[in-house]
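Dear colleague,

Please find below the structure that I am handing over to you. My notes on what was found in it come after the display.

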Amino acid sequence: MSDIAFIGLGHMGLPMARNLLKAGYRLRVHDLVRSAVDELAAEGATSATDAREAVAGTAVVITMLPASRHVEGLLLGEDGLLQAIAPGSLVLECSTIAPESARKVHAEARARGIDLLDAPVSGGTAGAAAGTLTFMVGGEAAALERARPIFEAMGKNIFHAGPDGAGQVAKVCNNQVLAVQMIATAESMALGVANGLDPAVLAEIMRQSSGGNWVLERYNPWPGVMPNAPASREYEGGFMAELMAKDLGLAQETAQNSLSSTPMGALALQLYRLLLKQGQGRKDFSVVQKLFVE
Ligand code: NAD
């Protein structure tokens, strides 16, 4: 199997890269944080001191970085990494970024003869570790077929969302629904408890009724209702509120570009910004429950 360069070994990138190693791929890895590189090197990856060294001589590059500015900063421009990647290579850009940024990166890659896919993921750190991520892919269908075995080593569901940037559009739509469901569930839990209901009883009634949703199934925000949910461990671990705020901001930017009306997403963004102001940004996004209790 060919070498893969993997750049960005954070909460998501590290376990994703580990699954590629397990599947038998040879990896050349880089991150600004040395300890993450060393951790994977100890498991068989080749460490690279910078991104250019990582991509030298590889035909496949994966990036998993925080936000648009990191991706554009790394890949674009005269000194950008796309200039150092050989024409004909495959680049899988898996970060969650603005669809507009993704389209810029696609355009520059295409001009260099590189097959690039925007391929944001859903499934969180647990899905990354278990190799069960959902990939939402934007770009050419032929490039996706080329990439499919690599995605399959890290994920379970691989969707072709559409052309350049479509993966990012699907991702912001999904996360907007998730945020709104989380907030609606949190306010209803607080309403029921304030009116004398047992939170576990209320959670089960709603789960089995027409209010049932993914949050009630897997991620109840009320502490103690689900022993394995972040709410039951002081909202530690899981998906950080500041990342949800970032994704809701991307949804609003995307809505602005298409003049779409997204009032629920707008309100969700404002509530998550409030949480960030209250110093809760690094807690799991179910910490929104705290806005509704004394
Ligand atoms: P993270 O901050 O933990 O990891 C990002 C890594 O990129 C860091 O280790 C950082 O050092 C590295 N990095 C930044 N700039 C770099 C550069 N120029 N060169 C090399 N390395 C660089 O973030 P994460 O939680 O792993 O998330 C990554 C992406 O996946 C984000 O876009 C996020 O929105 C998305 N995402 C996260 C989750 C989640 O549950 N954490 C779920 C789905 C999607």
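This is a predicted model: local features need pLDDT of at least 70, side-chain atom pairs count only at pLDDT 80 or more; totals for chains, interfaces and linings use all residues.

The ligand is surrounded by 26 residues, and the closest are Gly8, Gly10, His11, Met12 and Thr96. Sorted by class, this shell consists of 15 nonpolar, 10 polar and one charged residues. Two helices, helix 4 (68–75) and helix 6 (124–130), each contribute at least two residues to the shell.

Helix 4 also has buried residues, namely Ser68, Val71, Leu74 and Leu75. These four lie on the same side of helix 4 because they cover an arc of only 145° around the axis. In general, an α-helix has 3.6 residues a turn, so residues three or four places apart point the same way. The cover over the buried residues of helix 4 includes helix 3 (51–55), strand 4 (60–63), strand 5 (90–93) and helix 5 (99–111). After helix 4 comes Gly77, which has a positive phi, near 90°.

The last point concerns Ala147, which belongs to helix 7 (residues 141–152). Is Ala147 buried or exposed? Ala147 is buried, because 22 other C-beta atoms lie within 10 Å, and the cut-off for a buried residue is 20 or more. Leaving aside residues up to four places away in sequence, Ala147 touches Leu90, Leu92 and Leu117. Between Ala147 and Leu116, the C-alpha to C-alpha distance is 9.8 Å, and the two are 31 residues apart in sequence.

With kind regards

Terms used
Residues are numbered from 1 along each chain as its sequence is written. A residue is near a molecule or strand if its C-beta atom, placed from the backbone, lies within 6 Å of it. Ala, Val, Leu, Ile, Met, Phe, Trp, Tyr, Cys and Pro count as nonpolar, Asp, Glu, Lys and Arg as charged, and the others, Gly among them, as polar. A residue is buried if 20 or more other C-beta atoms lie within 10 Å of its own, exposed if 12 or fewer, and partly exposed in between; C-beta atoms are placed from the backbone. The arc is that of the directions from the helix axis to the C-beta atoms. Two residues are in contact if their C-beta atoms, placed from the backbone, lie within 7 Å.
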